[in-house]
Amino acid sequence: MFLLLAAAGAALALWLLAAGESPAPAVEPDEPSAVAAPVAPGVPAPAPAAVGGPHVAVAVALREAFAPPPSARVQAVEAAAADAPLPLRVVAGVGAGCDPDDGAAGGSLVAIAVAGGELLRHASVPARGAASVRLGGVRVVRGRVLGPDGAPARGASVWFGETTSAGRREFVVDDEGRYEASTPAGDGVPFVVRAPGCAAHARAIDVGDGAIADARLEPACVLEVQLAAVAAQLDHVRVYVLPTAELAASLANWPFHAQALTGGYAVDGSGRAQIDDLPRDVEVGVVVAHPLVARMAPQVVRTKGERARAVVALPAYAARTLAGVVVDADGAPVAGAMVRLASGGAAAWPRAPRLAPAEATWRGVFAVTADAVGAFVLGVPDGDAPAVVQVRAPGHAGRVVLLTEWPATGRIALPRWRGGEPGFALAPPQAGVAWTAAADLAGGIRAALAADEPWRVSLPQAGRYDFTLTTTPVDGPSHRCERRDVVATGPVELAVDVAAGR
């Protein structure tokens, strides 16, 4: 999951890219033969070992540090395939969005990729540990859904977190409120029930042989949220609902996590959003996320009666804006990238309660989600305080750029995250000959290596590096070559060729 960013002045290198070679193909992430401490530029490499063979001295310069994407502390396996691992993505909770992995215990909602779609599952993640979700064979689940008056809830639908290419696989109750559904066995299966005029009901259940899941729904309150502001950038405005300190029992079963699946509630052209399935007489916090307004604390609202209305007054929009496009290393747009602008240093990425979207808890920052072509516009705070732009996207290295150094083109590239420990493997400079190597990391490290043995060294962090390789043959002059702008989000390979002099 994403690491907590340090202050901009301490963590940032220059973002401007220098022309140079692309990173070489990855090597297998074997155990490194040397582990480096933080980069110490300018420390001379040690002298060659007193053995025969060529010597390679490596000077390492960190150009820019990268933040890793959040790592899932949940694994999914399929029982029918001898517990073969299944790919998944974290939707909410521990490991979602931009949360740092602080090793704390908590819940995760994961979407597991299966043939033809995805399955949602809840997982309880232990402190500094991992959780496992096991999918068993298909089982039948039966139950009955009643309305607030105890009568069958006609028109109710039941969903067990399964999505196919055609959409959600839901089951509609009959005239008696009964249903019969099928879903893979396992723990933490979402049981979500909706019916017209009723509050949504959700809880995690265990599905096995003879599983039964009943629900009695409560009357709903339709909450209308109206923005008290001039319309601008409304297509990027989202409304979120958060729990408050007063958590009624009926609200504890409301699906806060659904907002992580839908990206919150959109507003219409008049600046209105409608949430039509909240329980009545509960207290909730309403958050309006506007790209031109710094994120504010929730506005507390009480859902009284059949309908309630909340008017959210936004402060004045930022006088200045920042426009840009998020792309990958090949220049392709990165849709859905999250862009945040924090004044006075890098802001925290708090975890949201009850599996709500993490971004609903951000405060004091300007933030926006890039559109389908990676484009975005967000506000810029007034004042002279240093500001940084934080850019994140699943599967990519996270970047932090000083606002004063934002590129004139507005394009910000996120390298792909390859995984594995960041490091380099230096290939032997000459086949069949023992050799020595040294690097200016950790105050200077050195190694004597056998013929055809590569030198594997761990880098202190993921980032963009320059390498200067100085090779001294047994007989002949030294020669130097550079590998500039090497992206290390995992192991990379470096090589010199004594015979070719490069």
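**A buried arginine and an aromatic pair**

Author: With a relative accessibility of 1%, Arg399 counts as buried (buried means under 20% relative accessible area, exposed over 50% and partly exposed in between, with a 1.4 Å probe and protein chains only). This is a predicted model, in which local features need pLDDT of at least 70 and side-chain atom pairs count only at pLDDT 80 or more, while totals for chains, interfaces and linings use all residues. Residues are numbered from 1 along each chain as its sequence is written, and side-chain values use heavy atoms, with hydrogens and water left out.

Arg399 belongs to strand S29 (residues 399-402); strands are DSSP runs of E of at least two residues, numbered from the N terminus. Its side chain makes a polar contact with that of Glu64, at 2.8 Å (a pair of N or O atoms within 3.5 Å, one able to donate a hydrogen and the other to accept it; residues adjacent in sequence count only if both atoms are side-chain atoms).

Aromatic rings of Phe, Tyr and Trp (its six-membered ring) pair if their centres lie within 6.5 Å, and planes under 30 degrees apart count as stacked, over 60 as edge-to-face and the rest as tilted. By this rule there are ten aromatic pairs. Among them, Phe424 and Trp455 are edge-to-face, at 6.2 Å centre to centre and 85° between the planes. Because Phe424 lies in strand S31 (residues 423-426) and Trp455 in strand S34 (residues 455-458), the pair ties together parts that are 31 residues apart in sequence. Phe424 is buried at 2% relative accessibility, and Trp455 is buried at 1%.

Note on methods:
Helices (H or I, at least four residues) and strands (E, at least two) are DSSP runs, numbered from the N terminus.
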